[in-house]
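Here is a short note for a colleague who is new to this model. Please read the points in order.

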Amino acid sequence: MFTVESRFRDSSQRLIQRFGKTRVYVSSSKTYDPRTQTVVTTEVLHTVKMFKTEPKEREIKSPNLVDKTVVVMMIAAKDLPIKPKVNDTIKDQFLGVEEVYQVVQVSVNEAGEDAASWRLICTKS
């Protein structure tokens, strides 16, 4: 028996898989190495399907987003093994040109107690 939550979660994933485009989500973390006294940045790449859409008008008018190219990326939570965070990047390859987006805000669409999809507000770098 399917619950409303499981149907929402499954339909979110199915729609993103059907209409989304494969992009690379780059999760980065910085750690301090006391031995070398340097900060080491580690990047982990996740190739997942994402659906790119337009932001809401109130989001574009946010003071930190004025005069920037803003997009929203939707990712099925089931497809991304990590929790997205601010300052991660998304790389999109189109006709030989790579576009890079930086995550500036993360929100979740929930299905009961579980995450169904991630809604990432991004700016074009």
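1. Phe51 counts as partly exposed because its relative accessibility is 33% (buried means under 20% relative accessible area, exposed over 50%, partly exposed in between; 1.4 Å probe, protein chains only). Phe51 lies in strand β2, residues 38–53 (strands are DSSP runs of E, at least two residues; helices are runs of H or I, at least four; both are numbered from the N terminus).

2. This is a predicted model: local features need pLDDT of at least 70, side-chain atom pairs count only at pLDDT 80 or more, and totals for chains, interfaces and linings use all residues. Residues are numbered from 1 along each chain as its sequence is written, and side-chain values use heavy atoms, leaving out hydrogens and water.

3. The structure holds seven salt bridges (a side-chain nitrogen of Lys or Arg within 4 Å of a carboxyl oxygen of Asp or Glu). One of them joins Asp33 and Arg35 at 3.7 Å, N to O. Arg35 is exposed, at 72% relative accessibility. Asp33 lies in strand β1, residues 21–33.

4. Lys61 and Glu57 pair at 2.9 Å, N to O, in a salt bridge. Lys61 is exposed at 56%. Glu57 is exposed too, at 55%.

5. Which residue meets Glu59 in a salt bridge? The partner is Arg119, at 2.8 Å, N to O. Glu59 sits in helix α2 (residues 57–60) and Arg119 in strand β6 (residues 114–124), so the pair ties together parts 60 residues apart in sequence. Glu59 is buried at 8% relative accessibility. Arg119 is buried at 13%.
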